[in-house]
Amino acid sequence: MQNIATILDSQGKLREASDLLTNALLIEEKIYGKNSIETTVGMNNLGVNLAHLGELELSEALLQRTYEIRCKAYGEFHHLSNCSKANLTYVKNKINSSEDKCRDFHASMNSVVADQLKLFE
């Protein structure tokens, strides 16, 4: 379902993709549990999709949960945690500065890169 949703999303069929991503996440949560690391890919994909649809508050909640689960499982400097942090920052910037069109997104990406570089110190 995730792969089909990705194709639909790339075709601009955001609502159809959202429906598939929601169903996939519900199935994953029933199998693995709501706070399982196995659910974070689907949770992240749905959060990004919802951001594209303009459903920013719901997107933020999912991406925040994704970030917290990944940090707990992998640590805050892991690349998947940093991916979640970047997505979450993007949505928060979109919520907080709609007229600025997320001008701080590049700064957040620089922060993610800096966090990755700390791994090599």
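Predicted model: local features only at pLDDT ≥ 70, side-chain atom pairs only at ≥ 80, totals over all residues.
Biologist: Okay, does that make helix 3 and helix 4 roughly parallel or roughly antiparallel to each other?
Modeller: The axes cross at roughly 155°. Angles over 145 degrees count as roughly antiparallel. Helix 3 and helix 4 are therefore roughly antiparallel.

Biologist: And how many residues of the contact of helix 3 with helix 4 are nonpolar?
Modeller: On the helix 3 side, the residues that meet helix 4 include Val41, Met43, Leu46 and Leu50. On the helix 4 side, Leu62, Leu63 and Ile69 are among them. Five of the residues in this contact are polar and two are charged, while the nonpolar ones number 11.

Biologist: What share of the residues of the protein chain count as buried?
Modeller: To count as buried, a residue needs a relative accessible area under 20%. Of the 121 residues in the protein chain, the share that passes is 36%.

Biologist: I'm curious about Met43: leaving aside its neighbours within four places in sequence, which residues is Met43 in contact with?
Modeller: Beyond four places in sequence, the contacts of Met43 are Leu25, Lys34, Leu62, Arg65, Thr66 and Ile69.

Biologist: Now for helix 2 and helix 3: how far apart are their axes?
Modeller: Helix 2 and helix 3 pack at an angle of about 155°, and they are therefore roughly antiparallel to each other. Their crossing is left-handed. The distance between their axes is 9 Å.

Biologist: On to helix 4 and helix 5: at about what angle do they pack?
Modeller: Helix 4 spans residues 56–74 and helix 5 spans residues 79–96, with axes 9 Å apart. Helix 4 passes helix 5 in a left-handed crossing. The packing angle is about 155°.

Biologist: How many charged residues does the contact of helix 4 with helix 5 have?
Modeller: Glu57, Glu60 and Arg70 of helix 4 are among the residues that meet helix 5, whose own contact residues include Lys85, Lys92 and Lys94. The contact has nine nonpolar and six polar residues, and the charged ones number six.

Biologist: Last one: is Gln116 buried, partly exposed or exposed?
Modeller: Gln116 lies in helix 6 (residues 105–118), and Gln116 touches Phe77, His78, His79 and Asn82, not counting residues up to four places away in sequence. The relative accessible area of Gln116 is 22%. Buried means under 20% and exposed means over 50%, so Gln116 is partly exposed.

Conventions: Residues numbered from 1 in each chain as written. Heavy atoms only, no water. Axes fitted to C-alpha atoms, helices over the stretch in contact; angles between N-to-C directions. Helix = DSSP H or I, 4+ residues; strand = E, 2+ residues; numbered from the N terminus. Left-handed = near helix turned anticlockwise from the far one by under 90°. Contact = heavy atoms within 4.5 Å. Nonpolar A, V, L, I, M, F, W, Y, C, P; charged D, E, K, R; others polar. Parallel < 35°, antiparallel > 145°, perpendicular 65-115°, else oblique. Buried < 20%, exposed > 50% of the residue type's maximum accessible area, 1.4 Å probe, protein only.
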